[in-house]
Amino acid sequence: MTQRPSLESSEPSSAQDALAEIELTDDDILEAMREIPGYLDITTMDFRAVYRLAHRHAIDRLFSGITAGRLMRREVSPLTPETPLAEAIPSFVRQGLKSLPVADGQQRVLGILTETDVMRRLGAETFLGLLARVIAGEPCIEPEQHHRPVSEFMTSPVVSVPPDAGLRELIAAFAGHPGRAMPVISTDGRLAGLLLRKVFLTAYRPDHRP
């Protein structure tokens, strides 16, 4: 089961903050207007409205190339709900990922299994916490857990986005959950790829843009 993020209800993030307009005071506007030669028949309210529209257009222009479909990783082998934990963990390693979608036979995403989900199931909050238990000789994985299906561990519903999701929708989606990645779902409801938070943030940063 997946859910599309709401732009209105999401908490702000650092990236979203960076998109925020700088609030202009009347003094700011009046000082700027005094620097323009000639008579300007415009109020501070009009000036502020023009600024806000121009800011939105500038953001849309600067980040028009950022879509989930362009940034996502297409080569992802999802887990199935029946995949046992003993097979799921090596799949993370092989694919070099810390989050994997869980999908049914028709590639419809049912949830996502993350490194954090696995850690919590093993009684540790972090990898170092788990390592400390291993060093201390404490049992970490009970034998019976090897065969438990990932449907018992995964996070569901999962936040997802369509391939054409742009900057604002992606910011809202990542702000709505703490995970490192989210599935990208095509219009037919099937898994199209996986968008990593670090890839999105790198693409978003203006100093990393060509």
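**Pro 157 and its loop**

I started with Pro 157, which sits in the loop between helix H7 (127–135) and strand E4. I am working from a predicted model here. I looked at the peptide bond between Ser 156 and Pro 157 and found it to be cis, with omega at about 0°.

**Gln 107**

Next I checked backbone angles. Which residue has a positive phi although it is not a glycine? I got Gln 107, with phi at about 65°. I then looked up where Gln 107 belongs, and it falls in the loop between strand E2 (99–103) and strand E3.

**Largest pocket**

I turned to the pockets and noted a volume of about 330 Å³ for the largest pocket. I counted 18 residues in its lining. Which of them lie nearest the centre? I wrote down Thr 114, Thr 155, His 177, Pro 178 and Gly 179.

I also sorted the lining by element. At least two residues each come from strand E3 (109–114), helix H6 (115–121), strand E4 (158–159) and strand E5 (181–185). H6 gives the most, with four residues. By class, I have the lining down as seven nonpolar, six polar and five charged residues.

**H2 against H3**

I moved on to helix packing. Helix H2 (residues 26–34) packs on helix H3 (residues 44–62) at an angle of about 90°, and I have their axes 10 Å apart. An angle from 65 to 115 degrees counts as roughly perpendicular, and H2 and H3 are therefore roughly perpendicular to each other.

From H2, I listed Asp 26, Ile 29, Leu 30, Ala 32 and Met 33 in the contact. They meet Thr 44, Phe 47 and Arg 48 of H3. I sorted this contact into five nonpolar, one polar and two charged residues.

**H8 against H9**

My last pair was helix H8 (residues 167–175) and helix H9 (residues 197–204). They pack at an angle of about 140°, with axes 12 Å apart. That makes H8 oblique to H9. Is the crossing of H8 and H9 left-handed or right-handed? I have it as left-handed.

On the H8 side, the contact is made by Leu 167, Leu 170, Ile 171 and Phe 174. Arg 197, Phe 200 and Tyr 204 make it from H9.

Conventions:
Residues numbered from 1 in each chain as written. Predicted model: local features only at pLDDT ≥ 70, side-chain atom pairs only at ≥ 80, totals over all residues. Heavy atoms only, no water. Axes fitted to C-alpha atoms, helices over the stretch in contact; angles between N-to-C directions. Parallel < 35°, antiparallel > 145°, perpendicular 65-115°, else oblique. Left-handed = near helix turned anticlockwise from the far one by under 90°. Contact = heavy atoms within 4.5 Å. Nonpolar A, V, L, I, M, F, W, Y, C, P; charged D, E, K, R; others polar. 1 Å grid on protein atoms, 1.4 Å probe; cavity = no way out; pocket = protein on both sides within 12 Å on 5 of 7 lines; lining within 4 Å. Points joined across faces, edges and corners; volume = space filled by probe spheres on them.
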